[in-house]
Amino acid sequence: MTNLTPILTKFWDDPQSWTLETYRRNDGYKALEKALKMDPAALVQMTKDSGLRGRGGAGFPTGMKWGFLPPPDGGPRYLVVNADESEPGTCKDIPLMMAAPQFLIEGVAITSYAIGCNHAFIYLRGEVVHVYRRLLRAVEEAYAAGLLGKNIMGSGFDLEVTVHAGAGAYICGEETALLDSLEGRRGQPRLKPPFPAVAGLYARPTVVNNVESIASVPPILLHGADWFADMGTEKSQGFGIFSLSGHVKNPGQYEAPLGITLRELLDMAGGMRDPQKKLKFWTPGGSSTPLFTDEHLDVPLDFESVGAAGSMLGTRALQIFDETTCVVRAVDRWTEFYKHESCGKCTPCREGTWWLKQITGRLENGQGSEEDLEKLLDICDNILGRAFCALGDGATSPITSSIQYFREEYIAHLTNGGCPFDRDASSLFAKDNVPA
């Protein structure tokens, strides 16, 4: 049985977990003090040696990303933290920023020093006003303590940190759309190359990293690259926050080494909501990753194993659905989301997601024909790999995987002339407790 590794979540249950005082009681800013006495190149190498991979979904090696920056030319370079957590089921960065924002701020300071940045930005999803306020207060505390601003800890290193609230668009989770939004333009993905490392924010060299990636830097520096690399698997090293939601007794955040299985996590979460109801399907990395079923309970949750099994680890957003759930309805709801959030820049995604929603909605209502399933797969094939960014690809994942595993359920909708499932049975509350 793999054990939990509470590191970023270690003191979330403290009554004042978000304050600088609590953070400093838990070794807060010792890593920054250590970093400011090191050569920046050594910090980049340490991150490479640790094996830390991006925690925002793609899993790209973090230290390698920092190393892509060109040599200093006397001009500014930037760090941008992607805190635009927006995907259905993904819910790790927001609780981290609510419960322990100083992890992120210390990580921002260390990373900025490592890459030669003097102005960092944290781009937050605008709807989460409570998180925005907490993050602003945390930054304010850090400034007041001399941990941000001019001459940090007497080192001569200056760093300004700006917390920016976006307007609430899923597309701005894509790093170049985020940069456009941060510059005051409409959030749409840019053509690459040039990549942000060469020409990012304000056309200057820029590193864009996820909240959890940056928050993991202080513990790595404090305990050593080997300490981090010893956790997880050979190619997916370290720990991560696994977000369990849906039909489990105790949904929440479970911090564990990469490579843990859903079977183990379900045991930790108290099992399924109703022990009499079997696990039907689940997402290993949010709604944009291909579905898994109960046959995948023992797949190690690391980048390579999940990929080999036909899905993606993504953001480790484990949405759990038991046999009361209609997979066609769930996929239809997700498809509606992607259709709504498509920025419209490219034809495959703009037109394709619209047509996908028309067909999934028709099938959910028991209309159309079995040929519509082939039409769905054909449209997905014309979107996959042809869209401007990963939104189009993500929209196809739940559709193709659900047809692969649950084709007979789609056909049952057509045979019955509608959905054969009781919608109330899949809700967490009994029908008579749900407001009209």
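Predicted model: local features only at pLDDT ≥ 70, side-chain atom pairs only at ≥ 80, totals over all residues.
User: Which residues does Val 108 touch, not counting residues up to four places away in sequence?
Analyst: Val 108 is among the residues with the most contacts inside the largest nonpolar core. With residues up to four places away in sequence not counted, Val 108 touches Leu 79, Val 81, Ala 120, Ile 122, Leu 159, Val 161 and Ile 214.

User: Is Ser 288 buried or exposed?
Analyst: Ser 288 sits in the loop between strand 7 (279-283) and strand 8 (292-293). Leaving aside neighbours within four places in sequence, its contacts are Glu 87, Tyr 170, Met 312, Tyr 338, Gly 394 and Ser 397. Its relative accessibility is 13%, so Ser 288 counts as buried.

User: What is the volume of the largest pocket?
Analyst: The largest pocket is lined by 47 residues, and the closest to its centre are Gly 56, Gly 57, Ala 58, Gly 173 and Ala 390. By class, the lining has 17 nonpolar, 19 polar and 11 charged residues. The volume of this pocket is about 1400 Å³.

User: Which helix gives the most to the lining of the second largest pocket?
Analyst: The second largest pocket has a volume of about 470 Å³. Strand 5 (239-246), strand 9 (317-322) and helix 15 (327-341) each supply at least two residues of its lining. With four residues, the element that gives the most is helix 15.

Key
Residues numbered from 1 in each chain as written. Heavy atoms only, no water. Core = buried A, V, L, I, M, F, W, Y, C linked by side-chain atoms within 4.5 Å. Buried < 20%, exposed > 50% of the residue type's maximum accessible area, 1.4 Å probe, protein only. Contact = heavy atoms within 4.5 Å. 1 Å grid on protein atoms, 1.4 Å probe; cavity = no way out; pocket = protein on both sides within 12 Å on 5 of 7 lines; lining within 4 Å. Points joined across faces, edges and corners; volume = space filled by probe spheres on them. Nonpolar A, V, L, I, M, F, W, Y, C, P; charged D, E, K, R; others polar.
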